[in-house]
Amino acid sequence: MTSSEPGPEVVDLVVVGAGMGGLATAVTAADAGLTTVLLEAGEKVGGAAAYSGVQVWVGANHVGRERGIEDSLEDALAYVRWAARQDLASLDEDRTREWLSGAAEAAEYFERTGVITWDLVPDYPDYYYPDAPGAAVTGRYLTSSPYDGRLLGDDLDLLLVSPHFPVGITYGEMFAWGGMSSRTEWDLDLVARRRAQHVLTFGTGIVAPFFRAVLERGVPVLLQHRVASVARQGDLLAVTATTPAGTWTVLARDVVVATGAHDWSEELMVELTGITPENGGTVVPPSVRGDARDLLAGLGATIATLPAWAAPVLPGYRLSEPSFPGDTGYRACFEHCLPHTVIVDAEGRRFADDSFHPAIVRGVLATDPPRFPVFLVWDSQHHAKYGLGATPPGGDYPEGLVCRADSLEELGQLLGIDGGTLRGTVEGYNAGAAEGEDPELGRGSNLSVRRFRGDGNQRPNPCVGPLDRPPFFGMRLRLLSTGIAASGVVAGRAGRLLDRDGAEVPGVHVVGEASARAAAGVGYNSGYSLSRAMAYGYLAVRDICSRRTESGILTTMTPR
Ligand SMILES: Cc1cc2nc3c(=O)[nH]c(=O)nc-3n(C[C@H](O)[C@H](O)[C@H](O)COP(=O)(O)OP(=O)(O)OC[C@H]3O[C@@H](n4cnc5c(N)ncnc54)[C@H](O)[C@@H]3O)c2cc1C
């Protein structure tokens, strides 16, 4: 699809960005009878959503209810509150309630209208805090049922496919193989067979049905249309995009901006998180680069910032050799959750529960300046049992990534850490680790990490084991973004854009990670992001429709 295709000069709605928020918006808008155009900067559809794990956190959702799982929005709210307890003022509870009820309603709407069939991630408690007030032991994680990609016909080629998950496989199957930390146990033949059959799961499995729903509803999807500005033009909004053929403008009554987080903007990453390029990176497609702020600047948009540590970034590293077309080499790693590892700072000291990434991130980013560089250190037991990423247990690590030494002193020298301090740190840790304990920093105390990221065969603690068998290994860690931002454009009710004076900007909504996280505050939990993007895509359209009904222009939400 290109911009040379004929289209209406003036449309009801322009949606900017074809990730989770934009696709949910476009489907809902078409159902409501709004003439809609979806503009996408990338060559393909899906954004970070297509690369994601599709844990969509929805409290009191209809799928759980139909299966007899008890839950309530009040419990979900209690959980969100608890997750944000370190700065409750960062939470706007009106927005939280709006998000939670909107997510439950949107999830049901998209299933009822035939867009998607949901499954529950099996037996999956709230991750990260399964023992927090309001937490659910299961039932809040929606995920897409396996989707037959052939239904998209030739448009299947326009879909981003996640390089980070075994697309084609279900959560149930992946858990049976030992989960995310056990890549080497995955049945790669089965993954390949399902891929050949175009069975789509994980992020690609949620984007595919939404993309098809958008196309079926006749919404033009214009790829390689990177929106550069939204400006007022009389009663309308002029949306201007750069395309391979030059600049292109469309007029709209309403605009929903769903451009995602700011992963690929070095400037915004440094400004908003303090993570510099040599310490950071991202695992999302390169078209996710924080455009919302600039393209809405002329309308008075501002950014609300949360503390850098509220950014749910992940420890990871960068390979020097790409392994698939478009590979940037960045890899999130979960091997730090497994036994026989610790994470240390430049002085060779531990600073956090190094099995639990929110604790690591807080430990690195809550200091001023941030505690970079940090290093993952492990021993030969870890090497023999777990491997690293695509490296099988006992295998050779990628060239240039990992340092290896016969002693911790030597390893310290190779990493640029004081070797004596590193040895002391590891010896101190080993004293408790032999018994599965980490009295100093509580490694392995988070139930979700123990259950889903640790080694179930390691007793008594799946995350704790001593580093006492040479050779020793170490590498510098990065903190990688995953298309989830702590800071974003300030928006109010239903995602209405607010200007720097806090006044609503008529006709403009901001949804998903482009918008500030007032609904969740500094708290994060896996699945908030897709939930929020889906909910606000849906809520923004309802808001647009109700305003138009009030002013006598349109229309009511009528599912097709
Ligand atoms: C490996 C991985 C695992 C993840 N797992 C989960 C999970 O299990 N649960 C969860 O909730 N979240 C998860 N996430 C995060 C989640 O995918 C994102 O936060 C979510 O997709 C955000 O939705 P969005 O619509 O705001 O942005 P996106 O889905 O990123 O979509 C934004 C879209 O806007 C386009 N765009 C950007 N700028 C412009 C412009 N100027 N003009 C036009 N188009 C533009 C982009 O190309 C992109 O297609 C994961 C992410 C990754 C990478």
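**A colleague's note on the predicted model**

1. Let's start inside strand β18. Leaving out residues up to four places away in sequence, L479 touches I275, N279, G280, G281, V313, L314, P315, V361, V364, L365 and F372, where contact means heavy atoms within 4.5 Å. L479 belongs to strand β18; strands here are DSSP runs of E with at least two residues, helices are runs of H or I with at least four, and both are numbered from the N terminus. With 1% relative accessibility, L479 counts as buried; buried means under 20% relative accessible area, exposed over 50%, and partly exposed in between, using a 1.4 Å probe and protein chains only.

2. Some ground rules before going on. This is a predicted model, in which local features need pLDDT of at least 70 and side-chain atom pairs count only at pLDDT 80 or more, while totals for chains, interfaces and linings use all residues. Residues are numbered from 1 along each chain as its sequence is written, and side-chain values use heavy atoms, with hydrogens and water left out.

3. On the domains: the chain is divided into domain 1 (10-165 + 201-260 + 484-550) and domain 2 (314-480), with bounds from an automatic or database domain assignment. Taken over C-alpha atoms, the centres of domain 1 and domain 2 are separated by 34 Å. Between them, 12 residues of domain 1 are in contact with 13 residues of domain 2.

4. From the side chain of D291, a polar atom lies 2.7 Å from a nitrogen atom of the ligand. Taken alone, the ligand exposes 1,000 Å², and the protein buries 96% of that; accessible areas come from the Shrake-Rupley method with a 1.4 Å probe, and for residues only the protein chains shown count as cover.

5. Most residues other than glycine have a negative phi, and most peptide bonds are trans. A cis peptide bond joins R459 and P460, with omega about 0°, and P460 sits in the loop between α15 (447-452) and β18 (472-480). P470 and P471 are also joined by a cis peptide bond with omega about 0°; P471 lies in the loop between α15 and β18.

6. Two residues have positive phi. H198, which is not a glycine, has a phi of about 60° and is found in the loop between α7 (188-196) and β7 (199-200). H198 counts as partly exposed, at 33% relative accessibility. For A494, phi is near 55°; A494 lies in the loop between β19 (488-489) and β20 (496-498) and is buried, at 5% relative accessibility.

7. Finally, two buried polar side chains. S144, in strand β5 (residues 141-144), counts as buried at 5% relative accessibility. A polar atom of the S144 side chain lies 3.4 Å from the backbone oxygen of G205. N61 lies in the loop between β3 (56-57) and α3 (62-66) and is buried at 3% relative accessibility. A polar atom of the N61 side chain lies 3.0 Å from the backbone nitrogen of V63. Beyond its neighbours within four places in sequence, N61 is in contact with L120, G139, R140 and L142.

Notes: Polar contact = N/O pair within 3.5 Å; in protein donor to acceptor, adjacent residues only side chain to side chain.
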